[in-house]
Amino acid sequence: MLSQGISPDCYVLPSVVKATAGLSSLKTGVQVHCLAFVNGHHSDSLLLSSLVHFYLKCDRLMEARKVFDRIPRPNVVACSALLSGYARKGCVEETKELLGEAVEMGLELNSVSWNGMIAGFNHSRHFKDSILMFRDMHSEGFKPDGTSISSVLPAVGDLEMLPCGVQIHGCVIKQGLSQDNWVVSSLVDMYGKCARPNEMSKVCEELHEMDVGACNALITGLSRTGCVEGALKRFKQFKRQGLNLNVVSWTSMIASCSQNGKDMEALELFREMQMEGLKPNSVTIPCLLPACGNIAALMHGKAVHCFSLKNWVSNDVYVGTALIDMYANCGRIQLSRRCFDSMPRRNLVSWNALLGGYAMHGKTKEALEVFNLMQKSGQEPDFISFTSVLSACSQGGLTEEGKFYFDSMSKDYGIEPRLEHYSCMVSLLGRAGRIVEAYTMVKQMPMEPDGCIWGPLLSSCRVHHNLAIGEIAARKLFELEPNNPGNYVLLSNIYASKSMWVEVNSVREMMKSKGLRKNPGCSWIEIKNKVHMLLAGDNLHPQMPEITKKLGELRVEMQKSGYLPHTDFVLQDVEEQDKEEMLCDHSEKLAVALGLLNTSRGFPLQVIKNLRICGDCHAVIKFISEFEDREIFVRDTNRFHHFKDGACSCGDLW
C-alpha cells in the first residue's frame with residue numbers, strides 16, 4: 001500500500017497496529033506509530049487505544065501510559081488493559097492511581113477491568129492485593145464470575161487463607177459455578193495449598209464430569225498434603241474411567257512418588273506413560289531422575305539419560321542438573337562432572353548439585369576446586385553452596401579449612417550461618433575428636449539448637465566414646481524428638497561400647513514404654529536392571545541359603561587373614577559367638593553377598609543403606625573389595641563409601 005503511494009488512514013492503521021501486537025514486533029509497531037504521527041493521526045482515539053494494547057503486548061508499560069494520556073476520550077477497554085498491565089508488573093500504587101483517575105473521568109469499569117487486575121496481581125505474586133481487589137470488586141456491586149473466582153483462589157491458597165477460601169467457595173455455590181471446571185480446579189488447588197485433602201475430594205465428587213484440569217489439581221493437591229497413596233488411587237481410578245490424562249497428569253504423579261519415597265512406583269509410571277503413547281518432556285525428566293538416584297537404579301537412570309538425549313532435552317538446565325544429582329547419588333561422580341562440563345548453560349542449582357555430589361563422596365579437594373571455579377565464573381555462592389563446602393571439609397577431616405570457610409561465609413559474603421552450617425561445624429569438630437570444642441560452639445550459637453545440631457554431636461560422642469557430653473546431647477534430643485528411635489539407639493551404642501548393660505536395658509525400657517522400635521536395617525542393590533531390597537535378618541529372599549553360605553565362606557577367609565569381628569556394634573549382652581552371628585545378618589552384608597553371587601568377577605556393586613553403616617560391616621566390605629577384586633559403592637545416610645583394593649574413600653572417618 002505504501003509502495004503504491006497510498007497513505008493509510010485512521011481506519012487502516014489500528015488494524016496494522018493490532019497485527020504488529022500479535023507478532024510482538026516492537027520495531028514495526030514503533031514505525032507504524034511514527035507514520036501515524038507524521039500523517040496527523042496522533043489524536044485519533046481508536047488508533048491510540050490500539051497503540052496502548054500494542055505497547056502492553058511488547059512489555060513497554062511506560063510507553064503505553066504515555067499513549068493512554070494522549071487519548072482525548074479514553075475508553076474503558078484501553079483503561080482496563082492498562083490496569084491489567086500495571087497489575088501484572090506488580091505496580092500496586094500505579095494501579096490504584098489509575099483506578100482513581102478512571103472514576104474521575106467517569107469511566108464505568110466492568111467485570112473485565114476487575115478480572116484483569118485480580119489476575120494481574122496474582123501473576124505478579126502480589127497475592128494480598130489480588131484478594132483486596134476481589135473484595136473491592138464485590139463491594140462495588142459487581143458479581144464475581146468464574147474468571148474472577150478462578151483468578152483469586154490461587155492467591156488465597158498461596159497465602160493459606162482458608163477462611164477466605166471457604167467464603168469464596170460459598171460464593172461459588174450461591175452463583176451456581178460448582179460445575180465450572182476452571183473454578184473447581186482452582187478450588188481443589190486452594191484446598192490443597194491449605195492442606196485440606198477431604199475438602200479437595202468433596203469438591204471433585206460434586207462435579208458431574210471431571211476434566212483433566214480438575215484431575216491434575218486433585219492429584220497435585222493430594223501429593224502436596226502427603227496423601228501419596230490417595231493420589232495414586234485416584235490416578236488409577238481416572239485411568240479406568242477413560243479420562244484423557246495428559247503429560248501434566250503423569251508428570252505430577254511421577255513427581256509425587258519420587259518426592260515421597262515411592263521410587264519404584266515412579267519408575268513404573270514412567271514406563272506406563274510411554275506405553276500409553278505420551279511423550280515425557282523436559283519437566284518429566286527432572287521429576288523422575290531423583291527416583292533413580294534415591295535407590296541407586298543406575299541402569300534406569302542411564303536409560304532416562306539416553307531418552308533425554310534422543311528427544312533433545314538434555315541441554316535443558318533443569319534436566320542437566322537432575323542428571324548431575326542422579327549420577328552422584330548412584331556413585332558415579334565422574335559422570336556427574338561430565339554432565340556438568342557438557343551443559344551449555346548453568347545456574348546456581350547446577351553448581352550446588354556438583355558441589356553436593358563431591359561432598360557426599362568425600363572428594364574434598366574436588367569440592368573446593370569447584371567452589372573456587374564457581375566464584376571465578378561470576379556465580380555467587382549461597383547458603384547451600386557453603387553447606388556443601390563445610391560438609392566436604394567435614395568428610396575430609398579438614399578442620400582448620402572448615403573453620404576458615406565458616407568464618408568467611410559471613411565476613412566475605414554476608415551470609416549469616418544457619419542451623420545447617422552449625423550442624424556441619426559440630427560434625428567437623430566431632431569427627432576430629434574435638435567434642436568439647438563442638439559442645440562449646442553449640443552453647444554459643446545465636447539460635448536455639450535443634451535435632452540437626454544435637455544429633456551430630458551425639459553421633460560423634462558415640463564414635464569417640466564420650467559418655468558425659470553424649471548423655472547431655474541425648475537428653476536434649478529426647479525432648480526435641482521424643483519419638484525418634486535413632487537417638488535412643490545411639491545412646492545405647494555408647495553404653496554398650498562401655499559394657500554398661502544396665503543402662504542399655506534402661507534405654508530399651510524407655511523405648512518400649514513409648515512404643516518405639518529401632519528402624520530395621522534395609523539395603524537396596526540393583527542387579528541386571530532389577531532392584532532387590534534386603535532387610536536385616538531377612539529370610540524371605542529366595543537366594544538366602546546361597547547368601548548365608550557365601551558370607552560363611554568369606555568369614556573363614558577373613559579369619560585366616562586375622563580379621564576379628566567388631567562385636568561392640570552388637571547392642572546386647574550375649575556371648576561373643578552369638579554377636580558374630582548377629583553381625584552376619586546386617587542388610588548391607590546380605591546385599592553385597594547377593595551382588596557377588598549374581599554378577600561376574602570384577603563387576604562393581606552399588607548398595608544403598610537406610611541407616612549408617614556400622615564399623616564391622618565397613619571392615620568386612622573393605623576386605624571383600626580386595627579379596628573378590630570388586631569396586632563396591634555403599635551409600636549410607638551420611639555419605640558415600642567407595643571400597644576398592646581393601647581401602648575406603650572415607651579414610652575410615654566414618
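**Notes on a predicted model: pockets, sheet and helix pairs**

1. Let me start with the second largest pocket, where α5 gives the most to the lining, with 6 residues. Helix α5 spans 76-88, and α3 (45-57), α5 and α7 (111-123) each supply at least two lining residues. Helices here are DSSP runs of H or I with at least four residues, strands are runs of E with at least two, and both are numbered from the N terminus. The pocket has a volume of about 370 Å³. Its lining counts 16 residues, and Leu56, Ala81, Ser84, Gly85 and Arg88 lie nearest the centre. By class, the lining divides into 5 nonpolar, 6 polar and 5 charged residues. For these classes, Ala, Val, Leu, Ile, Met, Phe, Trp, Tyr, Cys and Pro are nonpolar, Asp, Glu, Lys and Arg are charged, and the others, Gly among them, are polar.

2. A word on the basis of all this. This is a predicted model, so local features need pLDDT of at least 70 and side-chain atom pairs count only at pLDDT 80 or more, while totals for chains, interfaces and linings use all residues. Residues are numbered from 1 along each chain as its sequence is written, and side-chain values use heavy atoms, with hydrogens and water left out.

3. On a 1 Å grid over the protein atoms alone, a cavity is a set of points where a 1.4 Å probe fits but cannot get out; a pocket is an open set with protein on both sides within 12 Å along at least five of seven lines, and lining residues have an atom within 4 Å of a point. Points are joined across faces, edges and corners, and a volume is the space filled by probe spheres set on them. The second largest cavity comes to about 90 Å³. Strand β5 gives the most to its lining, with 3 residues, and the lining includes Phe633, Phe640, His641 and His642. The lining has 3 nonpolar, 6 polar and 1 charged residues.

4. That strand belongs to an open sheet of 6 strands with mixed pairing, in the order β2-β1-β3-β4-β5-β6. Pairing requires at least two DSSP bridges between two strands. The edge strands, each pairing on one side only, are β2 (530-535) and β6 (647-648). Strand β5 (residues 640-644) runs antiparallel to β6, and 2 bridges join them; Lys644 has Ala647 in β6 as its bridge partner. Helix α34 (residues 615-627) packs on the sheet, touching β4 (632-635), β5 and β6, at about 40 degrees to the direction of β5.

5. Two helix pairs are worth a look. The axes of α19 (residues 317-329) and α20 come within 7 Å and cross at roughly 170 degrees, and α19 and α20 are therefore roughly antiparallel (over 145 degrees). Axes are lines fitted to C-alpha atoms, for helices over the stretch in contact, with angles from 0 to 180 degrees between N-to-C directions. Contact means heavy atoms within 4.5 Å. Among the residues that meet are Tyr327 in α19 and Phe340 in α20. This contact has 8 nonpolar, 1 polar and no charged residues.

6. The axes of α13 (residues 212-224) and α15 (residues 247-259) come within 9 Å and cross at roughly 5 degrees, and these helices are therefore roughly parallel (under 35 degrees). The contact has 4 nonpolar, 6 polar and no charged residues.

Conventions
Parallel < 35°, antiparallel > 145°, perpendicular 65-115°, else oblique.
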